[in-house]
Structure formats: C-alpha cells, structure tokens
Amino acid sequence: MLQARMSLPSFKEKERLLQAIAQNQVIIISGETGCGKTTQLPQYILESEIESGRGAFCNILCTQPRRISAMAVAERVSTERGEPLGESIGYKVRLEGMKGKNTHLLFCTSGILLRRLLSDHNLDGVTHVFVDEIHERGMNEGTVSTSFPNYLCLRDQLFVLQISDFLLIVLKDLLPRRRDLRLILMSATLNAELFSNYFKGAPMIHIPGFTHPVRAHFLEDILEITGYKLTSFNQIDDYGQEKLWKTQKQLVPRKRKNNLTLLVEDALSQSSFENYSSKTRESLSCWTPDSIGFNLIEAVLCHICRKERPGAVLVFMTGWDDINCLKNQLKSHPLLGDPNRVQLLTCHGSMATSEQKLIFEKPPPNVRKIVIATNMAEASITINDVVFVVDCGKAKETTYDALNNTPCLLPSWISQASARQRRGRAGRVQPGECYHLYPRCVYQAFSEYQLPELLRTPLNSLCLQIKSLRVGSIGEFLSAALQPPEPLAVQNAVDFLKMIGALDENENLTHLGQYLAMLPLDPKLGKMLIMGAFFRCVDPILTIVAGLSVRDPFLLPHEKKDQASTAKSRFSAKDYSDHMALVRAYEGWKEAEREGSAYEYCWRNFLSAQTLQAIHSLRNQFHYILKDAQLLEGEGSLDNKLSHNQSLVRAIICAGLFPGIASVVHREASMSYKTMDDGQVMLYANSVNSGYQTIPYPWLVFGEKVKVNTVFIRDSTGVSDSILILFGGGLVNGVSPGHLKMLGGYIDFFMDPTLAESYTNLKQELDQLLQK
Ligand code: ADP
Ligand code: MG
C-alpha cells in the first residue's frame, strides 16, 4: 500500500504542497480524480506535523459532499495507516461516526462542519480544514422530493443541497479571526480562478496527473458499432408514470408515433445543434435514459461483454429510479443477468455498505463488473478497474426560475466538464472507451460548467438554515456568496417563509421556523408534518407528505384514462380531496398486503406498487424525523387520537399547502379556478375534483402547479373559508394581524361580483377578528 501511495501523482508534489500550505492561509488545489487529493493530502499534513513534534496538537477536518464518501475515504486512509478506524483517523456523518480521543484527522460531511460552526464559531482547536470536491456546489442526486433513500441520506443530502457555497461564506468570514487556521480547497474539475478570486487571490496549485487516453463514441458511432436500429426508440410523454406502469409486469403496448426516432435521426443528420428549430431543441430536453431506451444501453453492454477486452464498466444514470429500472431489466437478460459472467452493482447515495465495498473490489475471475451509478461516481469515488464508461448525458438536478417561483426537478443535460469527467473515469489503468448516448452535436451544445445549486434552487430551505445560523440578514449574508443568487429569488424565499409563518415581520425565526430548520424537508411539507403531530392526526398526514414527496401512486395510462380515473374516484368518498384519496388507497394497500393480495389490489385500482412501497418507506423515515425532533408522544394511539377527524385532517392539509390555494368560481353550469398569481388554472384530469359538477367548497388547496400549455394543479383538497382563515398562515403563533391582512387581500383579489355578499360577511368577520 505504501508503494501504491508513493506512486500517486500527489506524492511527487508533497513538499511543494506542504510548503504552500505552511505559507498561505488559503490554497486551492486541483488534480485529476484519483491523483491522491482526498486520501493523501490530509495524511501528508498529519505525517509532517507528527514528524515535527506537533502531532498531538494538529486537528485536521476534511469535508466530503456525501456521507458515503466520508465513510469510504476514512476507512481507506486508516487501512493505509495500518490502524483500525477511530484511532488517528475517524469519520463523522449525521447520526453516525467513529472517532476517538486520538483522532487527528476527521472526515466528515459538509453538513457536519456547518453544524459545528453553529455552536463553535471559531472552530477552536481545529488547525486545518479541507473542503473537498468544491466543484460539487450542489447535489445532483435528486432531493427529498424525487428519490427516497433512507432518512440519514435524506438529511445530509438536503444539507449538501447548497452547502458548499454556504460553508464557504462562513469559512471566509472566520479566516480573519483565526489567522493560524489553514483552509485548503480541492477538486478535480474546478474553475480554480473563481475560487482564487473569492479568497483574495489565494494561490492555485495543480497536481499534474496522468490518465490514459479514452476514446469517445457518440450516438452515431454507437449505432454503427452495435448495429442497433433506431426504430426501437420510444417516445415517452409521461416519463415517470409510464415507466412505473411498465413495472406492473404487464407491458402496455405503445401505439403512439415514434417521435424520438425522427428526432434522433434529425439530430444525427445535423452538423450542429444551432441548426435545430427551437421545437426540436425543446423536445430534445425530454430525452432521458428511459426514452433513449434501456434497450440501447443493453445493446452497448452486450457489445462490451461479448467483443471487448476485460475491464469493469461504469454506467452513469440520472437517479435511483433509473438505476433500479435498468438493473431489473438487465437481470432478465441471458448474458448480462448471468451472475457467473456479469456482476451487476449499483452506486448511489443510499446503497448498502456491503454493496459499497463490492464496488471497489475485484470481481471473481472471468466475471465482468458493471456498476450502474449516479454522478456520484463522477468525481468523489474512484473505481480503479473501470475501462468502459456509458454516459446517458443527463443528471437530475434542481432548476429554478426566480421569475415564476417554481422549482422543477427533472433530468437535464450535464455540462461539457461533467461529460469529460465521466469519460476520464475509463482511463485509470489503461486506455479506455466511453460511450456517450447522445449525438456529438448535442455534446457541443452543452454548457461549459454546471451552475451552482445556489442559483438553481428555490432558497426556502437555505434561508431557514441561514436564519438558524444567526448570521443576520439573509440578503446580506447571501450577497457574500461566491456567485450570489438573484436578489429577487432571495426576496421570494423570505416572503414565502413569512407567509407560512416561519419568519416574523422582522425576518426572525418563529418557533415554527426553528422546528422547520431542523427538518430535512421542504418547509411546506415540514410544516404539514409538524401540524399533523401537533394536532394528533399523524398517520394520514405522514402518508400525504410522503406521497407529495415521492409522486402520485395513481397511474394514468394513456390507453386507459377513463378506467383509471374511475378507479381513483372510488377512493374519493365524496370528500373532494385527492390527498384523502391517497390516504385511503395507501391504507387499502396495507390491508391488501396483510391479506397477500397487494398485487391484485394495485392492478385493479391502477396503483403503482412501487410508488406505494416508496411512500411506505419514506413515511417511516418521516416518522423517525418527527420522533427525533421530539414532536411525537411516541405512542401510536395518542399521536393518532384525532386521525379519524376528517375536517381536522383537511385543515392540516391546508396548513401545509398554503399559499397554494385557488378559488372555485361557479358560473352557470361550469366551474373555473383562480389562483393569486396565475389567474386561471385547470384541474389535472386525474384529480377526483375534476369529476364533479359542483364543489361545495369555496377554495381548493393544492401542492403543485404544473405548466404544460395551460397551468394545471395536480392534487387538490376542498377547504372552507374558516379553515383557510385559521390554518392558512402562521397559526402556530396565533393568527397574526399580517396574516389576516393578507387573507383580506386574497379575498379582494378573488372577489367575484356575484359572490360579493357572502364575502362581505366574511370580511366583516375578519375585521372583527383583526380588532381582537
Ligand atoms: P482523489 O481525491 O484525488 O480523487 P483519492 O485520494 O480518493 O484521489 O484516491 C487516490 C487513489 O487511492 C486512487 O487512485 C485509488 O487508487 C486509491 N483508493 C482510494 N480509495 C480507495 C478504496 N476505497 N479502495 C481501493 N483503493 C482506493
Ligand atoms: Mg477525492
């Protein structure tokens, strides 16, 4: 191992690096993945401190963007030092750790360091801080709302979400107070100058590395190599739903015209992306691993296994769901699914530790290792024996449009830097091959670098975190960021937090806000959970929040739209609520599962078993979060004392979804719906509320707006005036005057001349309340 360490590119730079670190408070180090940054550099410092007799006083922290890499790296380094983990080398991730009194080098997640900074403003006793993978200024594995890894991952992932930028602001602020502290920023693919400028011209050091050349094959080449016929591409309109439908074991025949085939053919015949019409470009954005066809990936993998030299294969997919779907498909393949010839492994944020070890190990003789990964394997994890890379070209990341204030989480094209990085993974030990599943001209249209998450997400959770750091004004704090978010986006977030009662008029955290800052959840959903616990109706609320975080388990296959809608309406029990329909469907499923008829139950009711399963597991995690935050009594019967009270559950739904409200406007025989900002909206075809002639509630609260051609609201629940008044805003602190004023504003806005009379009464009531 020592020999291997000494052969790493970083070893040659050891003296230069140590000197630079001694002479500068901040330095920025770049070097190809695998050159020894993470495992070696902190060790060099530890060793040199020990040699110079200061070993007992040095205290090195090295942050990793993900908990899995913190654990894997700590384990590796302690093995290199011939020590058990927890001696001089330790790790700490949320709720887990291995460290002792002799630990002098601690690998931790960025979230852990940030937490430590909360209570220990000067980082007393710490001598060196490494911030690793700073190019990963965000998290691309899907947030709470799209993937459903275990709770621990959830928690850290949320922090990772915007953490690096956040951490840098706090550390930069700390440097003048701790002149002796050393800060080292590291990454494989960073824009070093950006960081250097941020730290007043801190020196940049590059570790020259070597990788073997990797040949890039784009889609046009791949089609030639594999002989794959384009006709089997599938155009999939509703990506998630159709995919889940497929997993119901009965494949739905696809009759629709094969648009993507035409599209790809078009793309291949063009020399540059600029030549596309904007419509083509738009449709290219729906190109996902699934729509390009798992079959194509299968064909590439078969080609490698049959025709290529030995070596492991690394497949980049967008997220947990994709990875699992692909793995399931490959498992039934005669060659790829044969464990005597192929070892299929997955690599994502929530994988089990045993699987994690296998990734690094040599496969049995004559077996080819195939690792299907998220872009976690892009830079923070090095699998040495990879010779072939398959790159789908997409990653799940949050994008955010400050003007419309709507977040969307969709797989989107990666940057050229990421594509190069993915390709480079194939050249660790020998020349490699990389298969990019998109045409060359699409690659040319990729942006150069990825936008940091800070500029892509709604800042709601971040602003809450900032407040809990007690660093003063949110706007001021964020304007010190490396690339500050738009002031408008910050203002939107602050307004939102005030509206839901997490911040008071002066931007201070309310009690509710303090709890919300502790929960690794979108503040809206967090609020619904807290209220559910508070009002002792936690079971149905857990189901609803989990459902809103995963996706709708009600399927709507194109071929059977009507039957599916009818099936869903059976769960509605005339209470005008999609959310309660979900609760019933979930409870029915649990029941059916006990009786061993879950499969028929799902099939009959057009429900996705996979989604229900995901909801179930997320529910358990949320339950744990609530217990952890001491918001539950801990006794099922007590916590659910009022769960059967429909009006109460309805009110809690309203509390969580506010300000997602639309007024129901009845005119003649039809109804229309208006929201505050967008004006007219439509109900999603699958909503139970779309089946009624009239809705006996003046308001619908909804979780999500989706813009297709018109704006649709997905799931909705009818609520009354009084529920809206009492539960709409910052209830936990009492109904605030500001809140009532705002509600008055809503009513003015919605005021429909034909309804003036009933609203006049309501306004009077409100005024009275306001007086009190
Ligand atoms: P960097 O941080 O520059 O990407 P690392 O310090 O993580 O590089 O890794 C340096 C080298 O150490 C890798 O090239 C690999 O050979 C080896 N290595 C790191 N982690 C492991 C591990 N868990 N198992 C086996 N080898 C490892
Ligand atoms: Mg590293």
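Student: In strand 6, which residue is the bridge partner of T63?

Tutor: This is a predicted model, in which local features need pLDDT of at least 70, side-chain atom pairs count only at pLDDT 80 or more, and totals for chains, interfaces and linings use all residues. Residues are numbered from 1 along each chain as its sequence is written, while chains are lettered from A and ligands numbered from 1 in the order in which they are written. Helices (H or I, at least four residues) and strands (E, at least two) are DSSP runs numbered from the N terminus, and two strands pair if DSSP finds at least two bridges between them. Strand 2 (60–64) and strand 6 (128–131) run parallel and are joined by four bridges; in strand 6, the partner of T63 is V131.

Student: What angle does the direction of helix 4 make with that of strand 2?

Tutor: Helix 4 packs on the sheet and touches strand 1 (26–31), strand 2, strand 5 (105–109), strand 6 and strand 7 (182–187). Contact here requires C-beta atoms, placed from the backbone, within 7 Å. Axes are lines fitted to C-alpha atoms, for helices over the stretch in contact, and angles run from 0 to 180 degrees between N-to-C directions. The direction of helix 4 makes with that of strand 2 an angle of about 170°.

Student: Which strands are the edge strands of the open sheet of eight strands?

Tutor: The order of the eight strands is 4-3-5-2-6-7-1-8, and their pairing is mixed. Neighbouring strands of this sheet are turned by 20° against each other on average, direction ignored. The two that pair on one side only are strand 4 (96–98) and strand 8 (204–207).

Student: Which element gives the most to the shell around ligand 1?

Tutor: There are 15 residues around ligand 1, the closest being T33, G34, K37, T38 and T39; a residue is near if its C-beta atom, placed from the backbone, lies within 6 Å. The elements that give two or more residues to this shell are helix 4 (37–51) and helix 5 (67–80). With four residues, the element that gives the most is helix 4.

Student: How many residues of the shell around ligand 1 are charged?

Tutor: Ala, Val, Leu, Ile, Met, Phe, Trp, Tyr, Cys and Pro count as nonpolar, Asp, Glu, Lys and Arg as charged, and the others, Gly among them, as polar. On this basis the shell around ligand 1 has four nonpolar and nine polar residues, and the number of charged ones is two.

Student: Which strands stand at the edges of the open sheet formed by six strands?

Tutor: The six strands follow the order 9-16-13-10-12-11, with parallel pairing. Neighbours in this sheet are turned by 20° against each other on average, direction ignored. Each edge strand has a single partner, so one side of each is left without a neighbour in the sheet; these are strand 9 (214–217) and strand 11 (342–347).

Student: In strand 16, which residue is the bridge partner of F388?

Tutor: Strand 13 (386–391) and strand 16 (432–436) run parallel and are joined by four bridges. The partner of F388 in strand 16 is E433.

Student: Are helix 25 and helix 29 parallel or oblique to each other?

Tutor: The axes of helix 25 (538–549) and helix 29 (609–628) come within 9 Å and cross at roughly 120°. Angles under 35 degrees count as roughly parallel, over 145 as roughly antiparallel, 65 to 115 as roughly perpendicular and the rest as oblique. Helix 25 and helix 29 are therefore oblique.

Student: How many charged residues has the contact of helix 25 with helix 29?

Tutor: L542, T543, V545, A546, G547 and S549 in helix 25 meet I615, L618, R619, F622 and H623 in helix 29. By class, this contact has six nonpolar and four polar residues, and the count of charged residues is one.

Student: At what angle do the axes of helix 25 and helix 27 cross?

Tutor: The axes of helix 25 and helix 27 (578–594) come within 9 Å. The two helices are roughly perpendicular, because their axes cross at roughly 105°.

Student: What is the omega of the peptide bond from F658 to P659?

Tutor: P659 lies in the loop between helix 31 (646–657) and strand 17 (661–667). The bond from F658 to P659 is cis, with omega near 5°.

Technical notes
Two residues are in contact if their C-beta atoms, placed from the backbone, lie within 7 Å.
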